[in-house]
Amino acid sequence: MSKDYVAIIDVKDHVGQEVTIGAWVANKSGKGKLAFLQLRDGTAFFQAVAFKPNFIETFGEEEGVAKFDTIKRLSQETSVLVTGIVKEDERSKFGYELDVTDLQVVGESVDYPITPKEHGTDFLMDHRHLWLRSRRQMAIMQIRNAIIYATYEFFDQNGFIKFDSPILSGNAAENTTELFETDYFGHPAFLSQSGQLYLEAGVMALGRVFDFGPVFRAEKSKTRRHLTEFWMMDAEYAFMSHEQSLDLQEAYVKALIQGVLDRAPQALEILERDVEALKRYIDQPFKRVSYDDAITLLQEHEADEDTDYDHLEHGDDFGSPHETWISNYFGVPTFVVNYPASFKAFYMKPVPGNPDRVLCADLLAPEGYGEIIGGSVREDDYQKLYDKIVEEGLNPDDYAFYLDLRKYGSVPHAGFGLGLERMVTFVAGTKHIREAIPFPRMLHRLKP
Ligand code: 4AD
Ligand code: MG
């Protein structure tokens, strides 16, 4: 066998040559003197074909037959070193095939639990460490990777500095969600729910910053949109109006979709994602609607035959049926702006002349994927922020550093947070958020 291994993605550079590929057997079929192996090495899937007479010719009757029988008996997920000649093959999707000349088993795989038949969700979740090897799961991880890559690219191109916020914190960033508490040398500490408050300090030093990392919310909600540990990208910027902030968010989300179209087209194909819809979200402007107009619209349509949501009054929060209806009504990602202050976080700046509403926006993805971004203009006045903290029953001492930012050259600033797994779910077109992260953490799921 030749010494260097060739990745499947690179076989195109070796047409007509003999190469050795390290891979796993994803599937196998055969007839008589032929064996077909579906190989997988993480970079791509690829078919290798073994022909019995070739083995007999190379290795002689006894050894040739034995080698061919080994190939025929290979079980799913056995790891192998396959040597063969790379051939162009127009019939296969991949475009290339391997004519096997030799094969060596690296690691046996006995009774691999995940077979091509259908499995229940609990079973798959219990075997998440193995489920990740399947075609769909690999495709979702490629999409996740493309979104991460596009995030760094977008913010770099727009003059942002990556500014890492801490995960252990002495205060709550979002007073509207639940905290995970842990012991910090005899004092309570909390796992970060969002890096936002620290980014606001960063913005006063660097102008435009973003962070991107895991955040934690002790949410007991068991929905297809909630994780207890998920990745958030928070961005923050000084001297930017509410409208400019929405423009930036729109450009960012479009860059993410474009990034996936560019970097993971095969993944979208495997997942049978409606690519035309994704292109439409890039080409068309996102919709912007005020919270109050959205409530009025919902009220006007609540008796329609095809609607199925509860009646809401002005001042009520949306449930997911309302969010789904709103974004489907407009057919493109939709910003709902200026929600009631009553159910939003303490740091949001009120709408001038309307203190019951705040300068914020949630971006709702179409097709029922729900909220993917939450953002706002921040209260930049020391006294107003102080009063709001007290009014919400929070302790100003816990927010001393945050209040300080309003004492020394406070400026208008805004920011937003995008939930990575929500975005992955939306772009991949998958049903449940649990598939958008390698090892999901949910209400009843901490293993594997
Ligand atoms: O709307 P949220 O709570 O906003 C914030 O945390 C702000 N501090 C962000 C900021 O302004 N810098 O969360 C932001 C996004 C949501 O829009 C949603 O996409 C996602 O985080 N998210 C969740 N994703 C998965 N599971 C959960 N439990 C989530 N909660 C929020
Ligand atoms: Mg939110």
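Let's begin at Glu272, which has 71% relative accessibility and therefore counts as exposed. The cut-off for that label is over 50%. Keep in mind that this is a predicted model.

**Backbone spots worth a look**

- Glu272 sits in the loop that links helix H8 (265–270) to helix H9 (275–283).
- Its phi is near 55°, so you're looking at a positive value in a residue other than glycine.
- Now try Glu77, another residue that is not a glycine but has a positive phi, this time about 75°.
- You'll find Glu77 in the loop between H2 and strand S4 (79–88).
- Is Glu77 buried or exposed? With 7% relative accessibility, Glu77 counts as buried, because the limit for that label is under 20%.
- Further along, the peptide bond running from Lys447 to Pro448 is cis, and its omega is near -10°.
- Pro448 belongs to the segment after helix H14 (420–428).

**How H1 and H2 meet**

- The crossing of H1 past H2 is right-handed.
- Which residues in H1 meet H2? They are Lys52, Phe55, Ile56 and Phe59.
- On the H2 side, their partners are Glu61, Glu63, Gly64, Val65, Lys67, Phe68 and Ile71.
- Sorted by class, this contact of H1 with H2 has six nonpolar residues, four charged ones and one polar one.

**The nonpolar cores**

- The largest nonpolar core has 56 residues.
- Within that core, the residues that touch the most other members are Ile143, Ile257, Met423 and Val427.
- Which helix gives the most to this core? Helix H5 (residues 135–157) does, with nine residues.
- Zoom in on Ile143: setting aside neighbours within four places in sequence, Ile143 is in contact with Val260, Ala264, Ala267, Leu268, Leu271, Val424, Val427 and Ala428.
- Apart from this core lies another one, of 29 residues, and among them are Tyr309, Leu312, Tyr339 and Phe343.

Definitions and conventions. Residues numbered from 1 in each chain as written. Chains lettered and ligands numbered in written order. Predicted model: local features only at pLDDT ≥ 70, side-chain atom pairs only at ≥ 80, totals over all residues. Heavy atoms only, no water. Core = buried A, V, L, I, M, F, W, Y, C linked by side-chain atoms within 4.5 Å. Buried < 20%, exposed > 50% of the residue type's maximum accessible area, 1.4 Å probe, protein only. Helix = DSSP H or I, 4+ residues; strand = E, 2+ residues; numbered from the N terminus. Contact = heavy atoms within 4.5 Å. Left-handed = near helix turned anticlockwise from the far one by under 90°. Nonpolar A, V, L, I, M, F, W, Y, C, P; charged D, E, K, R; others polar.
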